[in-house]
Every structure is written in C-alpha cells, then in structure tokens.
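Let's read this structure together, one feature at a time. Ask whatever comes to mind as you look.

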Amino acid sequence: MFVGNTATLDARAGSSLNLDAAGRSGILRSDAASFITVTDSSIDGDILAAGKNVSLRRDRISGNNLTIDTTEKSELWDLTLTTVQSVRFLSDDGNVNSPDFDIRNTTFDDLLTAQIRFTGFQWAQLTNVTVSQPGGADWWTGMITQNAKVTRYWWLRVDGVDGTGTLLEAANTLITVTRLDPPTVTWTALPSPAPNDIYWAGTSTWPVSAPLGYIIYRASTEDRYASPSAQWMNATYRAQATATINTIVYYPDQNLTAFAQSDTTITLVFSALTPEMKVDGVLLYYQTNQTSILPINRELNVTAVVNNTGSISVRDSVVSFFSTNVDGNNDGIMDAPKSTYVSADLWIGDYTVPLLPLKQTRIAWVLWTPTGVSEGSRAVSAVIVIDDNPTPITITIHNDGTNDANGATAVLFNETGARSPAVAFFLARGASTQVQIVWTPSTPGDKTISVGVYTPPLPEPQRNIDYNWQNNWASATVNVKTKPDIWLDPADFTGAPTGVRGFPVDIPVIVKNNGDTDAIGFSVSVFLDGVSAAKLLAHADDVGVGGLSSSTIMIPVTINAVGLHNLTIFADSHNTDGSLTSGVGSIVEGVESNNWANETINLQAPAGTIVMNPITTPPTGFAPGATLNVEGFVNDNTGDAIPGLPITVELHNPQGTIITTVDTISDNTGSWRVLLTIPLGTGDGTHRVRVISTAGTSIQEAAQNIEVRNPTTIWNAIFLGLPVWLWLVIVIAAVVALVAVTLYFRVFGLGKMVECGECGSFIPEDSTSCPKCGVEFEKEMAKCSNCQAWIPVDVKQCPECGVEFATGKVEMADYQGKMRTQYDEVIAKFREEASRSLGRAVNEREFQDWWRKQPTFVTFEDWLREEEEMRKMGSKPCPTCATLNSVTATVCHKCGTYLKEDRRAPPGGPPAKADEGGEGAPAPADAVPKKVIRKPGATSPVLQKKVIKRSQEGEGDTQNPPEEEF
C-alpha cells in the first residue's frame with residue numbers, strides 16, 4: 001500500500017490492514033507530503049513512512065520492519081510490536097529544539113532496544129517508554145550520538161480525595177502542578193498544558209479544573225545528550241489543590257511532592273470532607289402497597305432510603321440487600337464477605353446509587369421473592385455504613401412458670417433484625433433476674449431494639465419448655481448518637497499570629513466536634529517546625545467540646561526563635577496515660593485524620609538591654625586558668641524581665657579576638673549567670689568580657705574590661721625597672737662574655753703581643769706607639785732573628801747575614817699536640833724512676849700517687865703556662881741539657897731535671913737568643929713568628945719587636961708588622 005504526494009491514509013476504530021506480497025510481507029509506504037493516521041487498528045505488514053508525518057495510535061504491528069523517516073513530527077502511541085524485528089527512526093528536521101518523534105506507552109524488547117539510535121539534530125520524546133538495556137547500563141546508553149537529544153516523560157496523576165479516599169467528583173476541584181528548578185531550588189510555574197499533555201482536566205491553564213477529582217499530566221523528567229556534561233534532570237513536582245463546596249473553600253491536609261522516575265501518583269487528602277451515609281428506613285412493597293404483612297412466593301419490592309449526612313457528595317454508592325443479619329456479633333463489620341452470603345443464597349441483590357448528593361437522600365431498591373411453606377418472621381438487612389459504639393443493654397427477665405428455667409438464653413435484635421450472640425442464664429420459678437447484652441448500633445438516630453428469651457427446644461423435657469411464647473418479647477426505642485469527631489478546620493488557621501522571641505504568646509485554637517457525643521478530657525498540643533516530643537512547645541489538657549459544637553482555647557507558648565516558623569496544632573494529642581499518641585489518642589472518633597492543622601507564626605526580636613554585674617579584677621590581675629563568675633540580668637525597654645533569652649558571654653584578648661565563649665538562657669526573672677574560664681596560656685594584658693544575645697540586634701549588649709596577668713614569682717619581680725629574670729640573663733651574658741674574653745686572651749693573647757724595641761715592654765701588635773715609653777713605631781719592618789738587623793717584612797732572605805726565612809702559622813692544635821708529646825716524654829722518665837724507687841712495675845694510679853709527692857711534679861696545664869711565661873718573663877738554660885726553660889719552670893721541659901735550686905725570675909727580661917744552645921718548644925699558634933731561621937734543629941723563637949722611628953738618621957726606619965714575627 002502506497003500513500004504518495006499529498007494523499008492521506010486515515011484508518012480508525014478496528015480497521016485491519018492486511019498487507020501481503022509474493023513470498024514476503026507487504027509494505028505500508030508513504031513519501032512526499034503524504035499523511036498516515038492509523039488509530040485503534042492492526043497493521044499486518046512492514047511500515048516505511050517517508051512522507052510528511054505519520055500517527056500510529058493504539059495499533060498492533062505484525063510486520064518485520066518499522067522505519068520512520070518523515071519531514072515533520074511522527075507519533076507512535078501505545079503500539080504493540082508483536083513481530084517487529086527491525087526499527088529505524090530517521091526523521092530529522094535539522095532543529096534539535098523541535099521534536100521529531102513523540103513515542104508513548106510502548107515497550108521495546110532487547111532486540112529492538114539495541115537498534116534505537118538518534119543522531120544528527122533529532123529530538124525524541126519518550127513518554128512511559130520501556131527499553132531493555134544490558135544489566136548495569138542506563139536506559140540511554142548507546143542511544144544518542146552527535147547533537148541529538150532525548151527527553152523522557154512520565155505520567156503524573158494528581159488525585160483529590162476526601163477523608164475516605166473517595167475522589168472529589170463534582171466538588172469544583174482546582175489543581176496546580178509546579179516543578180522544582182534545580183539551579184535555584186525554587187518551585188517554578190509550568191507553561192499551560194498543550195493538547196495531549198494533560199487529560200481529564202476541564203480547563204487548559206493552571207490551576208486546571210478536575211471534574212472527576214483527578215488529572216493526568218505528562219511530566220518532563222530529564223534531557224539526555226551525547227555529552228555527559230550536558231545532561232539535565234528536573235523530575236521533582238509539587239501538587240496543590242482546592243475544593244469548593246457550598247461556597248466554602250477547602251484545602252488538602254498538605255501539599256505533596258514527588259520525584260518522578262516512573263509513572264507517579266500524588267494523592268491530596270481533604271480529610272475535612274467525608275461522606276456520611278445512613279439508611280433512614282427499609283420499606284417493603286407488595287405490588288403497589290407498602291405493608292408489613294407480606295405473602296410468600298410472591299415478588300416483593302424491598303426499598304431503602306439512603307441519606308448522605310456528610311460533607312461531600314459521593315458517586316456510585318452500592319447498597320447491598322440480604323435476607324439475614326450480616327452483623328450478628330454487632331462489631332460494626334460484616335461477619336463474612338459478601339461472597340459468603342451470595343453462596344448461602346442469603347443475598348437479595350445490589351442497587352447502585354449513581355450520585356448521592358450532599359445532605360440529600362436517594363432510593364435504593366431490589367425485587368425479592370421470599371420462599372417458604374409456613375408463616376413466620378424473617379429479618380431483612382440493608383448494609384451501607386457501620387458505626388462502632390458498643391453499648392451495654394440491661395434486660396430484666398421474670399419466670400412466671402411453676403418450674404425453673406434451665407439453659408435459657410436471651411437475644412437482642414436491632415432495628416434491622418440483626419441479632420446479638422445469645423446470653424445464657426438460669427432463672428428459678430417465680431423469680432426475676434437481669435442480663436446484660438452488648439449492642440453496637442450501626443447508624444445514628446432513633447433505633448428500635450427487641451429482646452427475646454428462649455428455653456431449650458425439643459427434645460428437652462416438657463417441664464423445661466416455655467408454655468407461653470407470647471410474652472417472651474419486648475421492644476424499646478433508643479436514640480443513637482454518632483461518636484465524637486474532633487476536627488481542626490484548616491480554614492480557621494489561615495492567619496499568621498505575631499509574637500516576640502522569648503515572650504509568651506497565646507495561640508487561639510478552635511476545636512470543633514462533628515459528632516453527636518461530647519468529647520471530654522482530651523489534650524491539644526502545639527509543635528514548632530515539626531512533630532516530635534522534642535519539638536513540643538505546650539499543650540492544654542482536659543479540653544472538652546460538646547456534640548455538634550465548637551470551643552476556642554488559648555495555648556500560651558514561648559518560642560526562642562525569630563522570623564517565620566511553622567506551628568502544627570494537634571487535637572487529641574495524648575493517650576490516656578499522658579504520653580504523646582502515635583495512634584487514635586484518648587478519644588475514639590468516627591474520623592481520626594482531621595485532628596491536625598498548620599499555622600505560620602511571625603516572631604520578632606525583643607527590644608531590651610543586657611546588664612552585667614561589675615567584675616572586680618585582683619591587684620595582680622586574673623591568672624590564666626582562673627574561673628570568673630559572670631552574671632547579670634536582661635530587661636525590656638519597660639524594665640520588665642525577659643525570660644528565656646539566649647545569652648552568649650565572650651572573652652576577647654587585647655587584639656579583639658574571641659578566645660572563649662559560654663552560652664546560657666535567662667531564667668524567669670531575667671537573670672543569667674555563667675562561669676567563664678580564662679584559657680591556659682593566655683597572655684598578659686587588658687581583656688574584654690562581652691555579653692550579647694543571638695535574639696537580634698535590638699538587645700543592647702554589655703561589656704567590661706579585666707586584667708590578665710600570669711602568676712608573679714621572684715623571677716617576675718621588677719628590679720630597677722626590669723624583671724629579675726631579665727637581670728639574671730644580663731649577668732649570665734656578662735659572665736660568659738668575660739670568660740670568653742679571658743679565654744681569648746689566654747689562648748690567643750700571646751700571639752697578639754709584641755716587644756717594644758725601645759723599652760722592651762710587651763704591647764699589642766697593632767699599637768702605633770708604646771703606652772709605656774711613648775715611642776712611635778715604623779710599619780712594614782721586622783728584626784732578623786739571626787743578626788738583629790731591621791729588614792722589610794716581605795723578604796725571604798736577610799740582606800745583612802744572608803739567612804733564609806720560612807713562613808707559615810702553627811695551628812693551636814699542633815702546638816698543644818707537640819706540647820703533650822714533650823710532656824709525655826718527660827713523664828716517661830719519671831715513671832721509670834718511680835719503678836726503680838719502688839722496686840717494681842707500677843700502674844698509672846700508683847705512679848700518680850708517687851709523683852705527686854716528688855718536687856718534680858707538674859701538671860700539663862702548668863707545663864703550658866710555663867711555656868707561655870718563658871715568652872713574657874724570660875728563660876734560663878737547664879744545667880743538664882742546656883735547654884731554655886721559663887724562669888718559673890720547676891723541671892726542665894727536655895730532660896726533666898729539677899730546676900728549683902737554680903730558679904730565677906727576671907721579669908721583663910729579653911728572651912733567649914736562638915744561638916744560646918738547647919732546644920725550645922714551639923710557641924702557641926698566635927705567638928709563633930711568621931719568619932723563622934731555617935736551622936737543622938729546633939731554635940728558640942724570637943718575639944717581634946717594634947722599630948723606633950728615627951728622624952733624619954735612617955737607622956732603624958722600619959718596624960715589624962703586627963701580623964708577623966721573626
């Protein structure tokens with residue numbers, strides 16, 4: 001079948017397109033500007049639609065191939081792809097923002113899902129479409145390439161129902177749907193629904209009317225692109241509604257939201273709206289006459305008058321008629337399912353009331369032919385609504401016979417003929433007794449109940465069978481009331497009361513009772529921003545509301561918050577034991593779901609002043625770790641105390657940084673008190689105690705200064721303007737400096753002193769004149785240590801005597817090492833002498849003990865000192881080896897000879913000449929001359945001399961530089 005050019009194919013309502021070709025399936029094909037529309041039909045063949053567009057709705061496709069390549073949007077709705085093996089969606093108008101495919105309510109199996117590809121600038125809209133992806137893969141995996149876009153939709157149904165869950169039909173219901181905008185996290189309005197985007201709505205702009213109480217909206221949930229970074233999710237919706245009955249506007253208990261990841265339903269409950277149906281009476285007619293005496297085996301008309309006393313109309317109410325009492329135990333529930341009575345041939349029939357308007361009655365009726373062979377009484381029941389209110393009935397029974405009544409029973413029948421369980425009793429002849437039977441009325445109003453008493457039937461003995469059955473019945477009319485129904489009308493809580501944070505505010509609560517029976521002794525609670533024991537603000541106990549009346553109670557609450565907050569009010573909020581209820585509370589009601597109401601309160605920050613009592617700082621200041629008692633009170637601008645106000649006490653350091661805080665709340669008298677601990681490690685200085693309230697800037701703060709001082713000890717005492725510890729540091733530094741200077745001059749001082757060439761005094765090497773004789777010195781000259789001639793300091797050979805010089809410094813470590821070697825050589829001689837004296841080898845301790853007793857004992861420190869003194873005080877030769885030693889030396893530093901008898905001390909004498917014979921030790925590092933005569937053996941060092949300035953004479957016109965010696 002070919003649809004070409006501008007032709008149109010329109011097949012509807014059960015059409016069948018059987019397309020056959022030789023050896024294969026036929027093809028339904030279109031091209032150019034043609035149109036194909038097939039609705040509620042079947043197509044047995046392949047489809048190749050390449051015309052302007054194609055619309056396939058609720059069709060069964062039995063071909064193998066489905067290819068769509070149209071120039072405009074194509075619709076594929078509710079398709080059943082029974083034998084399709086290949087699908088190709090090729091339509092692309094070149095604009096990704098105009099849809100190319102609108103596919104709805106269709107399932108693609110594994111084979112077809114793998115073939116679905118959208119590319120180029122295609123835009124495909126998938127509504128309630130099911131695809132089969134491999135395990136773990138997302139629904140769009142492999143489906144989108146290039147610049148294509150796929151938008152997914154789901155059906156969002158919004159129901160408005162009454163307190164029984166019945167749709168609000170004919171209740172003037174208006175419904176609005178909004179969507180959450182993820183970037184701004186705000187609810188945004190949706191554009192007016194387009195045709196085929198919303199169903200069962202009476203209007204096409206928000207809010208839309210819902211004549212049947214519900215709507216179905218095509219909700220966009222996500223956009224998918226080839227690039228993961230371009231994905232978009234907007235699947236959260238909120239539904240709101242109103243219902244208007246008799247000019248009164250009703251609101252749902254709460255507006256609800258839903259995250260749509262599949263077809264979703266939001267149910268808005270109007271618990272304030274409930275139908276309340278009852279049977280006002282059951283009438284029996286034979287032919288056209290209403291009568292209580294009815295023939296058997298004749299067709300009768302059983303009629304029930306049904307009354308809707310609730311708050312909303314109800315549609316399609318089913319009234320069932322039975323030829324027995326279906327609630328024999330009077331528990332308010334049918335004793336068995338309807339099917340049980342049908343199978344027992346006790347069901348007469350049903351009648352459906354199409355619409356039972358509010359506050360009106362309607363007639364329900366069935367035809368019934370009672371069968372039988374004898375006359376008697378028979379119960380008839382009509383069941384619509386069952387109430388549950390057990391009531392004890394006391395029956396007084398007399399025995400007028402001449403024998404006892406054994407095994408007798410009493411039975412109660414209600415106005416519909418339903419009987420209670422039999423109550424057994426024994427009654428002696430001529431006596432009376434009382435029996436209690438529990439009766440549960442099924443509906444409110446005037447009810448006639450009957451009581452019968454029975455003796456056991458045959459084969460009981462004749463004497464135990466009642467002889468007069470005429471007086472075994474009694475009847476009474478009782479007025480049955482409905483149970484209490486506590487109700488908080490949302491319309492009574494639309495205002496926004498105002499209050500002040502921390503101050504009591506009275507919340508007026510209007511409590512209504514829709515039942516006939518008084519509701520006595522229940523509680524009403526007020527919660528802040530949620531419902532839990534922790535969020536309970538206050539509750540009023542022993543609240544009572546009369547039947548079909550209302551009462552206003554005031555509940556004072558104190559709220560420590562500012563701004564807009566939600567109050568949830570709960571009537572009958574506590575159980576009989578005083579605990580918060582999680583069920584029906586302490587009052588058993590006809591409706592338990594209408595005990596809630598919500599209200600908004602606007603809390604202002606109070607205006608007032610915080611007063612802090614003075615804090616006395618000790619003379620030495622507060623030490624870190626000390627705890628301060630900070631207290632005061634807070635008053636409003638009229639001087640009255642502000643109770644329940646949050647208080648924060650802060651401690652600021654001298655830089656203004658908060659170092660510790662403590663929170664509290666003012667008591668009923670406005671007073672407050674905290675213990676503020678100064679943190680350990682806090683530095684000295686003026687700190688500030690600041691007291692503020694987080695209730696708002698309208699509360700004036702308080703502040704005062706305190707001094708913090710670390711504990712004072714002897715080390716912190718002030719002496720001459722400075723702490724003792726600082727003086728101690730100064731003294732220690734001075735001692736260290738003095739010791740350092742002393743050691744410096746002791747170690748390095750000799751090398752820095754020279755001999756005055758005029759008077760022979762030792763003076764600093766960098767002196768320009770002698771502090772003793774006043775003579776001035778030449779520079780860049782030194783005296784030869786061999787011939788005593790004055791020569792330039794930088795020559796390597798004396799021009800007078802020809803001796804060559806060696807230059808260099810001997811390090812202190814080398815000097816001390818040489819001195820230690822020399823010292824050890826002398827000690828070795830004394831150790832041999834000790835062994836000879838004691839006649840045996842001695843250890844170190846024995847040697848030291850022996851040597852300390854000898855006149856030749858000398859320590860290594862004294863040994864070094866004598867070497868230095870030799871430079872200062874002069875020397876003397878050893879009488880044994882002729883080695884020069886200090887005039888103060890005790891033993892010879894070469895051979896160990898005792899020198900005390902020959903001691904001499906020529907202070908200030910000139911040092912020995914190198915040609916005096918003997919061997920001397922090297923001088924300390926800084927005292928070693930820089931120019932030494934090269935001789936085969938050790939020579940005595942000669943101290944540098946300064947040359948006297950000779951005017952006009954030319955002799956001795958140079959001096960030894962301070963940094964070199966000869």
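Q: How many aromatic pairs does the structure hold?
A: This is a predicted model, and it holds 16 aromatic pairs. One of them is formed by Trp155 and Tyr199, in an edge-to-face arrangement with 5.8 Å from centre to centre and 70° between the planes. Planes over 60 degrees apart count as edge-to-face.

Q: Where in the chain do Trp155 and Tyr199 lie?
A: Trp155 belongs to strand 18 (residues 149–162) and Tyr199 to strand 21 (residues 198–199). They are 44 residues apart, and the pair links distant parts of the chain.

Q: Is Trp155 buried or exposed?
A: Trp155 is buried, at a relative accessible area of 13%, because under 20% counts as buried.

Q: Which residues are linked into a cluster by ring pairs?
A: Phe830, Phe847, Trp850, Trp851 and Phe857 are joined in this way.

Q: Let's turn to strands. What holds the strands of a sheet together?
A: Strands pair through backbone hydrogen bonds, in either a parallel or an antiparallel sense. Take strand 16 (residues 101–104) as a case: with strand 13 (residues 74–77) it pairs in the parallel sense over four bridges. Strand 16 also runs parallel to strand 17 (residues 123–127), again joined by four bridges. Follow Ile103 across: its bridge partner is Leu76 on one strand and Leu126 in strand 17.

Q: Which residues of strand 16 are on each side?
A: Phe101 and Ile103 are on one side, Asp102 and Arg104 on the other. All four are buried, and both faces of the strand are covered. Asp102 and Arg104 also join Asp197 and Arg218 in a network of salt bridges.

Q: What is the strand order in the open sheet of five strands?
A: The order is 43-49-48-45-46, and the pairing is mixed. Strand 43 (498–500) and strand 46 (536–545) stand at the edges with a single partner strand each, so one side of each has no neighbour in the sheet. From one strand to the next, the twist averages 30°. For a detail of the pairing, look at strand 45 (residues 519–528), which pairs with strand 46 in the antiparallel sense over six bridges. There, Val526 stands opposite Ala538 in strand 46.

Q: How many salt bridges does the structure hold?
A: The structure holds 23. In one of them, the side chains of Arg58 and Asp40 meet at 2.7 Å, N to O. Arg58 is in the loop between strand 10 (53–57) and strand 11 (60–61), while Asp40 is in the loop between strand 7 (35–39) and strand 8 (42–44), so the pair ties together parts that are 18 residues apart in sequence. Arg58 is partly exposed at 43% relative accessibility, and Asp40 is partly exposed at 35%.

Q: Where do Arg845 and Asp849 both lie?
A: Both are in helix 5 (residues 844–852), four residues apart, which is about one turn of the helix. Arg845 is exposed, with a relative accessible area of 59%, whereas Asp849 is partly exposed at 35%.

Q: Which residues form a nonpolar patch on the surface?
A: Val731, Val735, Val739 and Leu743 form it, with about 330 Å² of accessible area together. Leu743 lies in helix 3 (residues 724–748) and is partly exposed, at a relative accessible area of 47%.

Technical notes:
Residues are numbered from 1 along each chain as its sequence is written. This is a predicted model: local features need pLDDT of at least 70, side-chain atom pairs count only at pLDDT 80 or more; totals for chains, interfaces and linings use all residues. Side-chain values use heavy atoms; hydrogens and water are left out. Two strands pair if DSSP finds at least two bridges between them. Helices (H or I, at least four residues) and strands (E, at least two) are DSSP runs, numbered from the N terminus. Axes are lines fitted to C-alpha atoms, for helices over the stretch in contact, and angles run from 0 to 180 degrees between N-to-C directions. Patches are made of residues with over 30% relative accessible area and no salt bridge: like charges are joined within 9 Å, nonpolar side chains (Val, Leu, Ile, Met, Phe, Trp, Tyr) within 5 Å. Accessible areas come from the Shrake-Rupley method with a 1.4 Å probe; for residues, only the protein chains shown count as cover. A salt bridge is a side-chain nitrogen of Lys or Arg within 4 Å of a carboxyl oxygen of Asp or Glu. Buried means under 20% relative accessible area, exposed over 50%, partly exposed in between (1.4 Å probe, protein chains only). Rings of Phe, Tyr and Trp (its six-membered ring) pair if their centres lie within 6.5 Å; planes under 30 degrees apart count as stacked, over 60 as edge-to-face and the rest as tilted.
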